[in-house]
Amino acid sequence: MKSLSEIDTTSKRACKAAGYSWGIAEEVGKNIRLLEMFGLPGIKNLNDYFKKKKQKRFENLNLINKENKAIKLEFCPIIAGTSFLDQAKALENLNEIYFEKIAYPLLFLPFVSRASEIIGKRIFIKLDDKEFLLNFNNNIYSNFLSNNIIENAKTISVKFLNNVDSFEKKEWEELYRLSEDTFVEESDSLKETGAGAGLTDND
Amino acid sequence: MNVELRDPNVVMKLSRLGSFHQSKLSFLRSFLKEFKDWEYKRDLFELNENGYGTAVYSFKKSTRVYSLICYANELNENERSDRVIATKWDAAFVLHDGVPTKQDIERLRNEVPKQEVGRLSYKELTLSRANKSVRAFNHVVESLSKGNQPDIELLSKVGYLYRTTAVYGSGKFGLADRFRIKNREEIYGPFRLEMMLVYLVRQFTFDQVDHVAKHKNPKKAVSLDDEICRNLGIGNSTGLGMAPFIVNHPTLLNNWIVAKEIALKTIREIKDVKTEDSDLFKIYLKKSIKNITSWNTDSEYQQKKIKSLLDDLNKFIQFIEKDFDFLKEFAFNNIYLWAEENLGEECIEYIVSMMMEPYDDIVNPLINQMSSEEEKYFNIPTDRTIGELREILEKKYSEIIKIDFSKKENYQNFWFISKNKEEPRMADRFNENGSELEQPLAIARDIKKLYEVISVAKNSSTIDKFLLNNNDLRHVVRRAFIVEKFPYSEIQDNTIGQSIIPIDMLRLKLSFFGALKFDPRSDKWLRICMFQGAPLPHELKNYNPYWVYNSLN
């Protein structure tokens with residue numbers, strides 16, 4: 001089994017060899033390491049993308065808007081991802097962002113996952129029918145469990161999720177009441193010797 | 001009194017980094033301190049009469065076990081090479097996480113001797129190989145087998161029976177990634193498991209030489225005397241492979257240097273130095289001179305450095321004995337200021353290392369802060385402005401941005417990865433092919449380029465906008481924001497200039513390892529000795545922490 005360190009180094013070098021700058025190659029090394037750690041087929045997709053890149057051109061998406069449509073070609077997932085990561089704080093205000101035609105979208109995913117950590121919000125991303133919940137770059141929850149290459153996604157939506165509870169108020173109160181069963185009622189004499197007791201708070 | 005931390009523009013110059021010496025912070029010393037209470041055992045020793053076979057050594061505490069598995073092989077003289085391109089060695093070693101099963105030992109027998117072309121698993125932590133110093137090894141076998149102890153004079157010239165030619169860890173060739181083990185308290189300090197491997201290899205070399213001598217002459221042979229063993233270390237041949245490490249791990253580099261700098265600052269701020277502490281400083285300063293007078297090297301460059309170190313040290317000792325009063329306030333600060341004024345870099349750094357000796361209470365808490373969570377600082381803060389970036393560059397790279405990179409001599413060399421061994425190398429840009437595949441290690445040149453490019457950018461513009469068209473400079477934008485937080489994370493020198501001495505970069509790292517007696521064999525590789533004078537494993541429970549100055553050699 002390859003170690004994550006080997007995966008990082010080899011992906012970085014391969015990315016540089018495929019024509020990207022060292023700075024972007026460093027991002028890709030970290031990204032493929034993340035994908036593989038989360039159990040997603042990073043190496044497989046990166047390798048296939050770089051092979052395809054020799055025969056085919058892809059479009060660079062530098063400035064990300066609410067809606068982003070590739071004109072003739074498909075978007076390069078690495079440049080689109082780098083832009084997304086760099087612009088994440090500004091993009092958060094858009095709430096939901098749409099893309100059309102991103103090649104090898106699994107390679108776009110870790111950039112968005114890292115953005116989730118940077119802005120401190122969960123992000124829900126849909127690549128056609130494949131759904132991914134990106135949890136602050138700690139893990140990825142998905143209905144995509146295969147080890148396949150995804151050559152492209154026609155429609156991609158990215159939604160920034162507000163930090164809200166996943167449960168009802170009533171459920172919380174029920175659970176809290178149960179937790180109170182671990183507390184002990186304090187006697188009056190103990191209350192008189194607690195922190196702050198006996199002093200005037202107006203001093 | 002508040003003493004400022006030393007200026008990174010002074011400390012992080014290559015000539016200064018190349019003058020660093022071992023200290024109480026060094027990893028091999030902190031390794032021994034951490035593992036002194038662990039149970040040491042030789043679990044397996046199955047060698048034939050020539051010393052070839054398998055051995056296992058372990059350190060154990062509670063349920064945690066680390067086991068070194070040694071594979072000693074027959075090697076023809078013409079196959080023995082210290083170069084990284086070698087494919088066979090006298091012995092190969094792996095540190096296994098836990099107690100290896102028979103199947104583990106057999107699996108690893110097929111992989112470990114192959115080193116870089118073998119495959120390890122997440123159950124293995126570090127990997128190494130070593131060659132005999134044939135001269136020393138054969139002499140010891142001959143002597144012991146005749147019932148005599150070896151010639152100490154000869155051994156002191158070599159300093160070891162084996163020298164390692166590489167020690168790998170952190171995920172190389174399938175070894176365990178650091179994330180799997182980083183929360184173990186016993187390995188909070190850097191390179192702990194690499195140090196453990198080398199330390200146990202040293203014991204293997206003593207056991208092997210005894211074993212071979214005994215089989216040669218079972219009736220007469222004696223064991224190598226413990227005192228002689230203690231004064232032998234493990235040699236190491238180190239090439240340029242180490243140099244990029246310190247460029248590629250900026251926050252880790254910072255944490256090593258900052259530990260040293262905080263220790264120095266705190267010691268300089270001591271108002272009244274206790275007599276017992278000043279005595280200890282003086283005693284070990286004098287004792288340590290033996291480590292310099294026994295420092296053998298054919299390198300003219302190093303010989304000059306040793307001579308100047310010795311001259312300076314004699315001058316310094318005269319000063320503290322005749323003209324200096326430790327009872328005056330802030331004595332160590334006065335010493336430091338005098339040293340900066342009167343001594344060369346090599347001796348200044350030597351004295352800084354020695355100043356730490358009396359102060360466990362200052363040094364020990366710093367040891368566990370020498371690792372780094374590098375991932376935390378990887379993302380570029382793209383909402384920051386060009387104005388802020390410019391300020392960082394002007395403040396943190398003030399010397400670098402003065403370098404004129406239009407002059408050939410300032411970009412004469414380039415760093416690359418060799419195709420045959422995947423090892424970092426340096427070559428002359430104008431005489432060798434391959435500079436188009438240059439590694440991103442020319443930080444000074446690229447920082448200067450970044451500075452020039454942003455000189456025409458708006459101060460209020462944000463980094464995300466700048467990167468839209470300047471991703472070729474992304475790697476140095478990242479570094480600039482790292483050095484803002486970590487002032488000692490960057491070498492403040494040109495790593496591709498004509499006058500670069502790459503072994504300065506190696507020396508920095510090796511001094512933190514705790515290596516002694518740097519012996520440059522060229523400007524691109526050197527030999528060192530580790531653990532010379534160190535306690536033997538069975539002595540660890542009550543060892544003298546100043547062992548490094550007690551060497552007979």
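Q: How many residues of chain A are in contact with chain B, and with how many there?
A: In this predicted model, 19 residues of chain A are in contact with 22 residues of chain B, contact being C-beta atoms, placed from the backbone, within 7 Å. Local features need pLDDT of at least 70, side-chain atom pairs count only at pLDDT 80 or more, and totals for chains, interfaces and linings use all residues. Residues are numbered from 1 along each chain as its sequence is written, with chains lettered from A and ligands numbered from 1 in the order in which they are written.

Q: Which element gives the most to the side of chain A that touches chain B?
A: H2(A) does, with 5 residues; helices are DSSP runs of H or I, at least four residues, and strands are runs of E, at least two, numbered from the N terminus.

Q: Changing topic, what is the strand order of the open sheet in chain B?
A: The order is S1-S2-S3-S4-S5-S6-S7-S11-S10, with mixed pairing; two strands pair if DSSP finds at least two bridges between them.

Q: And which are the edge strands?
A: Strand S1 (39–47) and strand S10 (516–520) of chain B, each pairing on one side only.

Q: In what sense do S7 and S11 of chain B pair?
A: They are antiparallel, over 5 bridges. Asn236(B) has Ile528(B) as its bridge partner in S11(B).

Q: Where does Phe173(B) lie, then?
A: Phe173(B) is in the loop between strand S6 (160–168) and helix H7 (192–216) of chain B. Its phi is positive, about 50°, although Phe173(B) is not a glycine.

Q: Is Phe173(B) buried or exposed?
A: Buried, with 21 C-beta neighbours inside 10 Å; the cut-offs are 20 or more other C-beta atoms within 10 Å for buried, 12 or fewer for exposed, and partly exposed in between, with C-beta atoms placed from the backbone.

Technical notes. Contact = placed C-beta atoms within 7 Å.
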